[in-house]
Amino acid sequence: MNYPKETSFLTPRMHSPQHCWMHDTVRTADANAFGGGGWIRLAPALLAALLFSAPGHAETQITFNKQIAPIIYKNCSGCHRPGEAAPFSLLSYADAARKAKTIGKVTASRAMPPWKAEQVSYAYRDERRLKAEEIGLIQEWVKQGMPEGPDADRIEAPTFGSGWMLGEPDLIVEMPAAYHVPADGPDIYRNIAVSLGLTEDKWITAIDMKPSARAVVHHVLYFADGSGRAHEKPQQGSEPGFSGMRAGVATIPLGGWAIGAQPHFFPEGLALRVPKGSDLVVQYHFHPSGKPEAEKSVIGLYFAKKAPERTLTRIQMPPHYSLFSGLDIPAGEKDFVLRDSYTLPVAVDGVGVGAHAHYIAREMKMTATLPHGEMKTLLWIKDWDFAWQDRYYFQQFVPLPQGTKLDVEIHWDNSAENPRNPSNPPARVTWGEESKDEMGSVSLIAVAHEESDLKRLNEDLAQRSRRIARQRMLSDPDLAKRIARILSQ
Ligand code: HEC
């Protein structure tokens, strides 16, 4: 992304800022009071009154060109531009002025820029959060009638090159055929595989994608199929790919894309391995939009120059998105909570956190209680919104010694008062893949502090999730049948 050069704010000016402020104030007053005559015609007493009135009264004029454009271009235009997620552009004065009142509202409430995580014990990278002063400037600008300001202050709108937020990808793959999503009906899970043609192993540092029918693509998950055979799997029905939530048994998860999520590079040279000859399997979650759409995405892969020294892993709590955690929410239940705890068998470094749930989740939190008892918060989302699923990467690795206890709690609100409840009246909700079903987990993305401990960590995690699954199946024999049904869909 090329933001406007800072130097453009430093254009030599004739007046000092204070002088300018007085000048502007006087000019405005003059134009209003005297219908456009020169400001020297002001009576000296009036001039003095204007210049020396109470501080609260003498407002600096806030203009788009000077104070507002830098805020909008840096924090909004990335999404608010043609072809991106937002419904209108914010690339000029006219764009911003047209929407000024709503901009004032959504920035004050912090609905925009979208960023669901609270500020916690550790700072996140690329945090989309306006500073209080910036929110104040926007409020003031709207109050003052959205002045554009002098041309001399104007800065260029940012340009975004090819339209890939992270720059030109190393490999661009286009899905072989469009998937046709009908106007309505249930959500669709569909896996479409494409051969990557890799003649050597590669390390993925980021994946981005451009959907052709943004309205229907709820989210996608990417997998690498090392066997390179997924694209040969027979197509089911007349549309490309095969259905269900399973991309294949032996696939490597590579992360995903969701409405509102921005692509990120893994920090510190971390990357995920994709073996040569792999297929990329894209698992789509389509949500019909009310009109028929054809989705044929273009996917951009970014590769590391060399293999990373440390291996990423994921501590998901509860495991399997709560499949074995007793997620069964009665209709009308206002605060249904699931909790999970895990004590680290080895020291890890926290790289980031991510969360997933469907519509009626309300709040989720992950804390770490360090061995000496101090409690830190790693993620806290107070107002979960299905539409904004982001990954939150820490600015610096978070050291979590062996013996640190991780705790996760997820709250759901299945009452009629929850405006995001898709069922009206509320209905019993159980674990499932439709968006009216629920699932939920918070994941710590991490590396073992010592690479040699990775195996022990992964084994411990696998054992734990098997144990949780076994216990649940024993206490709920019906679950095994339900799972078999889900997996066969
Ligand atoms: C990560 C992408 C993204 C960023 C960054 C972003 N927006 Fe948005 N914005 C959206 C999307 C998508 C929508 C459509 C509504 C929705 O899905 O919430 C939207 C909607 C809006 C709306 C309409 C809200 C309504 O209720 O009608 C306004 C106004 C707005 N954004 C202003 C801003 C401003 C101002 C900024 C920067 C301070 C900003 N946005 C930053 C993606 C973004």
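Residues 24 or more positions apart account for 84% of the contacts in the chain with a separation of 6 or more, a contact being two residues whose C-beta atoms, placed from the backbone, lie within 7 Å. This is a predicted model, with local features needing pLDDT of at least 70 and side-chain atom pairs counted only at pLDDT 80 or more, while totals for chains, interfaces and linings use all residues. Residues are numbered from 1 along each chain as its sequence is written. Buried residues make up 33% of the 489 residues in the chain; buried here takes 20 or more other C-beta atoms within 10 Å of a residue's own, exposed takes 12 or fewer, and partly exposed falls in between, with C-beta atoms placed from the backbone. There are eight helices and 21 strands in the chain. These are DSSP runs numbered from the N terminus, with helices being H or I over at least four residues and strands being E over at least two.

Helix 6 is a handy place to start. It runs over residues 132-143, and its 12 residues should span 16 Å at 1.5 Å a residue; the end C-alpha atoms sit 17 Å apart, which agrees. That expected span is 1.5 Å times one less than the number of residues. Leu137, Ile138, Trp141 and Val142 are the buried residues here in helix 6. They cover an arc of only 130° around the axis, which puts them on the same side of helix 6; the arc is taken from the directions between the helix axis and the C-beta atoms. On the face turned away from the buried side of helix 6 are the exposed residues Ala132, Glu133 and Lys143. As for partners, the buried residues of helix 6 pack against helix 3 (64-75) and helix 5 (100-108). Just after helix 6 comes glycine 145, with a positive phi of about 90°.

Helix 3 tells its own story. A straight helix of 12 residues would span 16 Å at 1.5 Å a residue, but helix 3 spans only 14 Å between its end C-alpha atoms. Its buried residues are Phe64, Lys66, Ile68, Ala69, Ile71, Ile72, Tyr73 and Asn75, and the buried residues of helix 3 pack against helix 4 (93-98) and helix 6. Threonine 159 sits in the loop between helix 6 and strand 1 (171-174), and it counts as exposed because it has 12 C-beta neighbours inside 10 Å.

Now for the ligand. Of the 21 residues around the ligand, Cys76, Cys79, Ala86, Met112 and Pro113 come nearest, where being near means having a C-beta atom, placed from the backbone, within 6 Å of the molecule or strand in question. Helix 5 gives the most to this shell, with four residues. By class, the shell has 12 nonpolar, seven polar and two charged residues; Ala, Val, Leu, Ile, Met, Phe, Trp, Tyr, Cys and Pro count as nonpolar, Asp, Glu, Lys and Arg as charged, and the others, Gly among them, as polar. Methionine 112 and proline 113 are joined by a cis peptide bond, with omega about -10°, and proline 113 is found in the loop between helix 5 and helix 6.

That loop between helix 5 and helix 6 also holds aspartate 126. Phi of aspartate 126 is near 50°, a positive value in a residue other than glycine, and aspartate 126 is exposed, with 11 other C-beta atoms within 10 Å. Glutamate 268 likewise has a positive phi, about 55°, although it is not a glycine. It is found in the loop between strand 7 and strand 8 (272-274) and, with 15 C-beta neighbours inside 10 Å, counts as partly exposed. A cis peptide bond also joins asparagine 424 and proline 425, with omega about 0°; proline 425 lies in the loop between strand 19 (405-412) and strand 20 (429-430).

On the strand side, five strands form an open sheet in the order 6-3-9-5-7, with antiparallel pairing. Strand 6 (242-243) and strand 7 (251-258) stand at the edges with a single partner strand each, so one side of each is left without a neighbour in the sheet. Strands count as paired if DSSP finds at least two bridges between them. Strand 3 (residues 188-195) pairs with strand 6 in the antiparallel sense over two bridges, and the bridge partner of arginine 190 in strand 6 is serine 243.
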